[in-house]
Amino acid sequence: MRKYLIAVAVLLSGCAAQVANVNVPGIERSVPVRISDLRPEKEKQSEIFSLLVTSDAYGTYRVPDTAVAPPATRLFQHRAFEKLGDGAAPLDIKIHHLVVYRNLQSELRRGALGAAFGGAIGAVVAGQIKAEPSGVVTSSVDAKAFNALAAMEFKRALYTEQENPGRGSVHIVYIETEIQGKRAFTRTIVPIKPGDGEKSPLVSALDTSMAFHLTQY
């Protein structure tokens, strides 16, 4: 019981309001970019999926918009402007999904029960999985399979053995946008490495996932 309470305390502290501030030089230049936030409301909010250590959902949660300033949608607006905003016509961006999940299962369980591999999550991946030496894993997403997990949302925060064989703590970022009429849906897994560089792990995950997503345009 004591170990359970300690694990719960660790999980709750990880979900506490900790804002990662991002310095974005020249961010005012991207204000003219038209952006429509069409995300489900819950994608903007924090949620702990389970406090039960034996649950497959334990150690997974959704990261809220308020965890980073400026918010992720504003950061995406600017990153899109940097990569695609050289044309005469202003960019028009529709954001259908931009949601960050955090999976700390192995860390919180301390290896006693391991972390759950997501069998269902394999159906979400569309096309080739690309794994980098840094541990970053990128892929396209099947929108129907993603939406099918709405009732068991924690499964979106899981990974396959191929994606994360070491079962380390990760951020998993889903981005679906429509820019100038073209739609793309991507998934990026970024290892959580506290103290690695100047950026917070969350900001690193957002930067990495947005950079990959914008290669689709």
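How many cavities of 30 Å³ or more does the count give? The count comes to 1 cavity. The model is predicted: local features need pLDDT of at least 70, side-chain atom pairs count only at pLDDT 80 or more, and totals for chains, interfaces and linings use all residues. Residues are numbered from 1 along each chain as its sequence is written, and side-chain values use heavy atoms, with hydrogens and water left out.

**The cavity**

A cavity here is a set of points on a 1 Å grid over the protein atoms alone, where a 1.4 Å probe fits but cannot get out; lining residues have an atom within 4 Å of a point. Its volume is the space filled by probe spheres set on the points, which are joined across faces, edges and corners. The largest cavity holds about 70 Å³ of space. Its lining includes Arg39, Glu43, Asp65, Leu98, Val99, Val100, Leu202 and Leu206. Two elements give two or more residues each to this lining: β6 (92–103) and α5 (201–214). β6 gives the most, with 3 residues. Helices (H or I, at least four residues) and strands (E, at least two) are DSSP runs, numbered from the N terminus.

**Helix packing**

Helix α2 (residues 72–84) packs with α5 at an angle of about 45°, and their axes lie 10 Å apart. That makes α2 oblique to α5. Axes are lines fitted to C-alpha atoms over the stretch in contact, and angles run from 0 to 180 degrees between N-to-C directions. Oblique covers what is left after under 35 degrees (roughly parallel), over 145 (roughly antiparallel) and 65 to 115 (roughly perpendicular).

Contact means heavy atoms within 4.5 Å. On the α2 side, Ala72, Leu75, Phe76, Arg79, Ala80, Lys83 and Leu84 take part; α5 brings Leu206, Asp207, Met210, His213 and Leu214. Ala72 and Leu206 also line the largest cavity.

The table sets out both groups by class.

**Backbone**

Most residues other than glycine have a negative phi, and most peptide bonds are trans. Ala69 and Pro70 are joined by a cis peptide bond, with omega about 0°. Pro70 sits in the loop between β5 (68–69) and α2. Arg167, not a glycine, has a positive phi of about 55°.

Notes. On a 1 Å grid over the protein atoms alone, a cavity is a set of points where a 1.4 Å probe fits but cannot get out, and a pocket is an open set with protein on both sides within 12 Å along at least five of seven lines; lining residues have an atom within 4 Å of a point.
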